[in-house]
Amino acid sequence: MTKIFHAIAALGLAGGAALLAIGVLAHWYPALDIVNNGLPFLAVGAGALLALAFALRSRRLIGATAILLAATLIVLLLGLQGRAPQAPRDAERFLRVATFNLWGRNDDHLNRVAEFVAETDADAVVLEEVRRHHGAFVDSLGELYPFRVGDNGLFILSKHPILADGQTDRPVQPHWMSRIIRWVRLDVNGKAVTLAGVHLARPFYPELQQADIEALARFVKAQDGPLILAGDFNMTPWTVKMRTFTEVTGLGRFNTFNPTWPMRWRSVPLLPLLPIDNVFASAHFANISTRLGPRLDSDHRAVIADLALIE
């Protein structure tokens, strides 16, 4: 029996080391970055292997699994840099921003979504995967959010006047999957703030996702005032792409540990594992609080962020 557990530990060690190496290679081969989304699970697995190595009293296995765990934690912790600063306890809320991916199978539950949006009392709401037949749903929120823009899947609803708006599209893509960014410039009690809704490509399309994150970084660098991004980024904070984006833009990340996906597969409810929906903001803002919305029969969970103005 001991030989079997030794074999299991050795196979687990080899597999974990291979996955970690693949993740590191994502710096040069973006397609491999999909592995980095699972870094926390690799760390948990390495911890379990270390416990098994201690149980087997094998110094060689203990040393090797300890190195694997340490290396995984280092890579993971590097990806956790860039969190938005925490606002003081007495900080006044400047804006509440909510983002939610409606998902295509949510059509029968739009009344619940409308109730959630009303109860959340956000100043601005970013919605992803909004389809043409969701028009009545969006219109039903007009009393709460008299200012709104959007099409091709991305909508922004606001209680504050919109001074300007624009978009960034993927080239050579059909209209239903062309939109990367939909942005507005809001007049928030006399303060101009740019809010951008974001929906990046899934990691199963690595070249497209890489192009999307580069386009988003260019958009951010072109802004010179208070800026907030909110939406479905389709990548976790510890991927190479997200780490690089955070470094080159200097934006602060609001959601790190709150998993938002997958909430369901078809009609089957699931336990969310990955924080791929997020809010980012320029150095003008600090994080008062960030929380998740309830289950709303989407495969995503909403993110609600309260921001303080600190400039």
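**Salt bridges, helix packing and backbone geometry**

Both Asp297 and Arg264 are buried. The model is a predicted one.

User: Which residue forms a salt bridge with Asp297, and how far apart are the closest N and O atoms?

Analyst: Asp297 is located in the loop between β13 and β14, and its partner belongs to strand β10, 33 residues apart. Asp297 is buried because its relative accessible area of 17% falls under the 20% limit. The partner in the salt bridge is Arg264, with the closest N and O atoms 3.4 Å apart.

User: Which residues are linked with Asp297 in a network of salt bridges?

Analyst: The structure holds 12 salt bridges, and the pair of Asp297 with Arg264 is a salt bridge. A network of salt bridges links Asp297 to Arg264 and Arg112.

User: Where does Asp297 lie, and what is its phi?

Analyst: Most residues other than glycine have a negative phi. Asp297 is in the loop between β13 (285–292) and β14 (303–309). This residue, which is not a glycine, has a positive phi, near 60 degrees.

User: Is Asp121 buried, partly exposed or exposed?

Analyst: Asp121 also has a positive phi, about 55 degrees, although it is not a glycine. Its place is the loop between α4 (110–120) and β2 (124–130). The relative accessibility of Asp121 is 37%, which lies between the limits of 20% and 50%, so Asp121 counts as partly exposed.

User: How many residues apart in sequence are the parts tied together by Asp33 and Lys241?

Analyst: The side chains of Asp33 and Lys241 meet in a salt bridge, at 3.5 Å from N to O. Asp33 belongs to the loop between α1 and α2 and Lys241 to helix α7, so the pair ties together parts whose separation in sequence is 208 residues.

User: Are Asp33 and Lys241 buried or exposed?

Analyst: Buried requires under 20% relative accessible area. Asp33 has a relative accessibility of 3% and therefore counts as buried. Lys241 has a relative accessible area of 6%, so Lys241 too is buried.

User: Which residue forms a salt bridge with Asp139?

Analyst: Side chains of opposite charge can pair when their charged atoms come close. For Asp139, the closest N and O atoms of the pair are 3.3 Å apart.

User: Are α1 and α2 roughly parallel or roughly antiparallel?

Analyst: Helices α1 and α2 (residues 39–56) pack with axes 10 Å apart, at an angle of about 150 degrees. Because angles over 145 degrees count as roughly antiparallel, α1 is roughly antiparallel to α2. The crossing of α1 and α2 is left-handed, and the arrangement asked for is roughly antiparallel.

User: Is the crossing of α6 and α7 left-handed or right-handed?

Analyst: The axes of α6 (residues 206–221) and α7 (residues 240–249) come within 10 Å and cross at roughly 15 degrees. This angle is under 35 degrees, so α6 is roughly parallel to α7. The crossing of α6 and α7 is right-handed.

User: Which residues make the nonpolar surface patch of about 420 Å²?

Analyst: Met1, in the segment before α1 (2–25), is one of the patch residues. Met1 counts as exposed because its relative accessibility is 70%. The patch is made by Met1, Ile4, Phe5 and Ile8.

User: Which residue is joined to Trp261 by a cis peptide bond?

Analyst: Most peptide bonds are trans. The bond at Trp261 is cis, with omega about 0 degrees.

Definitions and conventions
Residues numbered from 1 in each chain as written. Predicted model: local features only at pLDDT ≥ 70, side-chain atom pairs only at ≥ 80, totals over all residues. Heavy atoms only, no water. Patch = residues over 30% accessible without salt bridge, like charges linked within 9 Å, V, L, I, M, F, W, Y side chains within 5 Å. Areas by Shrake-Rupley, 256 points an atom, 1.4 Å probe, with all protein chains shown as cover. Salt bridge = Lys/Arg side-chain N within 4 Å of Asp/Glu carboxyl O. Helix = DSSP H or I, 4+ residues; strand = E, 2+ residues; numbered from the N terminus. Buried < 20%, exposed > 50% of the residue type's maximum accessible area, 1.4 Å probe, protein only. Axes fitted to C-alpha atoms, helices over the stretch in contact; angles between N-to-C directions. Parallel < 35°, antiparallel > 145°, perpendicular 65-115°, else oblique. Left-handed = near helix turned anticlockwise from the far one by under 90°.
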